[in-house]
Every structure is written in C-alpha cells, then in structure tokens.
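Here is a short report on a fold.

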Amino acid sequence: MKDLLLSPHFKLAEFERSATATKLGIDNHVPSQYIPALQQLCKEILEPLRAFINSSTPPHKGEEEGVIIISGYRCPLLNVKVGGAKDSQHMTGEACDIHIPVHGLTNGQGQRFTNTDILNRRFAWIMDHCDFDQLIKETSDRRIYWIHVSCKRDRTKNRHQVIRFLKKRGS
Ligand SMILES: [Zn+2]
C-alpha cells in the first residue's frame, strides 16, 4: 500500500505521513473507504495546482515539485493530538494542508515554507480555478502560512467557502 498512487503525482503515503503520529506511535493509515475522497482532492485541486506551478515556475534543480502535503489524512486520535476541529475534514480524506516550497524560507525545523506573496497567488489561483469546499489560509505564527483546502466527495455539496486568515494552535 505504501506506494499506492492516488493520482499521477501524489502517493497515499504522502497523506498518511505525520511527525506527530510517528512520535506518539499512532497508526495513521487511511481506511479504504476514505481513499476515493483523497483521489478526488488530488484530481480537483492538487494535480491542477501542481501543473500550474510547474508551468509558471519550473522547480529549481533538486527541489521538490511544488506542492507538499503537510497534513493529509488524520485518524480521529491524531486529529485530537494536533488540535484539529472536532468535525475536521482531515478525518474523512476530504482535506489537506499544503505548502509550496520556494527556496530560502525555512521554519525552525528546517522545513521550507512559502513566501507569503507566492502563497497568496497560489491561494487566489485555487479560488479561481478549482471546485473546492473550503479554502483557508492558516498560520501558527506570524511568519509561517499554509493552505488548507477541502473538497467534498459529492461535488454538488461544495460550499466554496474562502477564509483568508485563520490562526491555529498547531499544524
Ligand atoms: Zn487543515
């Protein structure tokens, strides 16, 4: 299952990976009933966004390809541990948090984060081009931002809700 591809460029493992789950010994494998929702998220949002980024700013040599999943699926216990909302769409494979690496910016753990201008432009691109449920720009402090995006399995239920700033306890 480790290398299962959800779409041409996104692996299931990218959505299961969690430093908190590893640290606490939580099994964060995605139950099979949520895989179609993750596939939908890849198809509707992540693949088009990745294609756009790579066509507008080709990745630097040796760098990742433009869309990094910070937090994908969360089992209910992991969701509690990271301070997620009680009804978080991360628990059903309908949501993920992403950043778009740009050389230079890092947080204290050496992870690269996107400069705010570029993140804002990607945010606007998703807003204008994708069929999403919720699109939220989140931060845990004043320097580091990421994008939370969700997509309902039943597209007709997508609310197209945009929140430009949300302060979180953790990521
Ligand atoms: Zn999120």
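## Contacts of Ile 98

Ile 98 touches Val 67, Ile 68, Ile 69, Ile 70, Trp 146, Ile 147 and Val 149, leaving out residues up to four places away in sequence. Contact means C-beta atoms, placed from the backbone, within 7 Å.

The model is predicted: local features need pLDDT of at least 70, side-chain atom pairs need 80 or more, and totals for chains, interfaces and linings use all residues. Numbering starts from 1 along each chain as its sequence is written.

## Core

Ile 98 is also among the residues with the most contacts inside the largest nonpolar core, which has 28 residues. Such a core joins buried Ala, Val, Leu, Ile, Met, Phe, Trp, Tyr and Cys through C-beta atoms within 7 Å. Buried means 20 or more other C-beta atoms within 10 Å of the residue's own; exposed means 12 or fewer; partly exposed lies in between. Helix 3 (35-56) gives the most, with seven residues.

## Sheet

Five strands form an open, mixed sheet in the order 3-4-6-5-7. Helices (H or I, at least four residues) and strands (E, at least two) are DSSP runs numbered from the N terminus. Pairing needs at least two DSSP bridges. Strand 3 (68-71) and strand 7 (161-167) are the edges. Strands 3 and 4 pair antiparallel over three bridges. Ile 68 has His 99 in strand 4 as its bridge partner.

## Helix 5

In helix 5, Leu 119, Arg 122, Phe 123 and Ile 126 are buried. They sit on the same side of the helix because they cover an arc of only 105 degrees around the axis, taken from the directions from the axis to the C-beta atoms. The face turned away carries exposed Asp 117, Ala 124, Asp 128 and His 129.

Methods. Two residues are in contact if their C-beta atoms, placed from the backbone, lie within 7 Å.
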